[in-house]
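Try each one on screen before you read its solution.

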Amino acid sequence: MTFSLPELPYAYEALQPYMSKETLEFHHDKHHQAYVTNGNNLLKGSEFEGKSLEEIVKGSFGKNAGLFNNAGQHYNHVHFWKWMKPNGGGDKLPGALEKKIVADLGSVAKMKEDFAAAGAGQFGSGWAWLAVKDGKIVVMKTANGENPLVHGAKPILGVDVWEHSYYIDYRNRRPDYLKAFINNLVNWDYVDEMFQAAIK
């Protein structure tokens, strides 16, 4: 399987004012494209050729750093674009997902707080996550291109806290970006889709 850059599921200006057209153009067209290009070059002739993206991410972790970094970031970004939508966020979550969040994390408000804190507390580049691990929804954070797949969990929501994800719009105010993401951009229907797949 070779990597290819997915089209954004909305127009470049659709997430404004929370994420600008300029950010999406740089982030999707330049950064994500670079992971695709580099990943494909590193995949050629490797033992992972022909495997699924998930298998490449899990299999290359700790074994082939270059391939892992690009495959991991490709996986993360494929979902990141779908984890956002215009007029997203809010507190109205699909029923089963909300019930599980309340059961495992206390409340929707507490989940949002913990998720934003994980993103703000990730030193340097990385991601904050909601993931399903051992049947429970947990909040996680990972460095660089890592994701919950390589830590025995299945991601259901992730936010990119690499500077290219927010610097044009928020400069060094990462907590403001995280607040805007969770309150105004999250596509809870897609989170629910991944949640349902993770608990099967």
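This is a predicted model: local features need pLDDT of at least 70, side-chain atom pairs count only at pLDDT 80 or more; totals for chains, interfaces and linings use all residues.

**Exercise 1. Find the salt bridge made by Asp189 and say which parts of the chain it ties together.**

Step 1. The side chain of Asp189 meets that of Lys85, at 3.8 Å from N to O.

Step 2. Asp189 belongs to helix H8 (residues 188–198), while Lys85 is in the loop between H3 and helix H4 (95–105), so the bridge links parts 104 residues apart in sequence.

Step 3. For context, the whole structure contains six salt bridges. One more to locate is Arg173 with Asp176, whose closest N and O atoms are 2.8 Å apart.

**Exercise 2. Describe how helices H5 and H7 pack.**

Step 1. Start with the geometry. H5 (residues 108–121) and H7 (residues 174–185) have axes 9 Å apart and an angle of about 145 degrees between them. The crossing is right-handed.

Step 2. List the residues that touch. H5 supplies Met111, Lys112, Phe115, Ala116, Gly119 and Ala120, and H7 supplies Arg174, Pro175, Leu178, Phe181, Ile182 and Asn183.

Step 3. Sort them by type: eight are nonpolar, two polar and two charged.

**Exercise 3. Which residues have the most contacts inside the largest nonpolar core, and what does Phe80 touch?**

Step 1. The largest nonpolar core has 58 residues, and those with the most contacts inside it are Phe80, Leu130, Ile156, Leu157 and Trp188.

Step 2. Take Phe80 and set aside its neighbours within four places in sequence. Its contacts include Met19, Trp127, Val159, Tyr177 and Phe181. His27 and Asp160 are also among the residues that Phe80 contacts.

**Exercise 4. Identify the buried residues of helix H2 and what covers them.**

Step 1. In H2 (residues 53–60), the buried residues are Leu53, Ile56, Val57, Gly59 and Ser60.

Step 2. Their cover includes helix H1 (21–43) and helix H3 (65–82).

Step 3. Follow the chain onward: just after H2, Gly62 takes a positive phi of about 80 degrees.

**Exercise 5. Inspect the backbone at Pro17, Asn87 and Asp134.**

Step 1. Pro17 lies in the segment before H1. The peptide bond leading from Gln16 to Pro17 is cis, with omega near 5 degrees.

Step 2. Asn87 is not a glycine, yet has a positive phi of about 55 degrees. Asn87 sits in the loop between H3 and H4 and is exposed, at 76% relative accessible area.

Step 3. Asp134, also not a glycine, has a positive phi of about 50 degrees. Asp134 is in the loop between strand S1 (126–133) and strand S2 (136–143), and counts as exposed at 75% relative accessibility.

Terms used
Residues are numbered from 1 along each chain as its sequence is written. Side-chain values use heavy atoms; hydrogens and water are left out. A nonpolar core is a set of buried Ala, Val, Leu, Ile, Met, Phe, Trp, Tyr and Cys residues joined through side-chain atoms within 4.5 Å. Buried means under 20% relative accessible area, exposed over 50%, partly exposed in between (1.4 Å probe, protein chains only). Contact means heavy atoms within 4.5 Å. Axes are lines fitted to C-alpha atoms, for helices over the stretch in contact, and angles run from 0 to 180 degrees between N-to-C directions. Helices (H or I, at least four residues) and strands (E, at least two) are DSSP runs, numbered from the N terminus. A crossing is left-handed if the near helix is turned anticlockwise from the far one by less than a right angle, and right-handed if clockwise. Ala, Val, Leu, Ile, Met, Phe, Trp, Tyr, Cys and Pro count as nonpolar, Asp, Glu, Lys and Arg as charged, and the others, Gly among them, as polar. A salt bridge is a side-chain nitrogen of Lys or Arg within 4 Å of a carboxyl oxygen of Asp or Glu.
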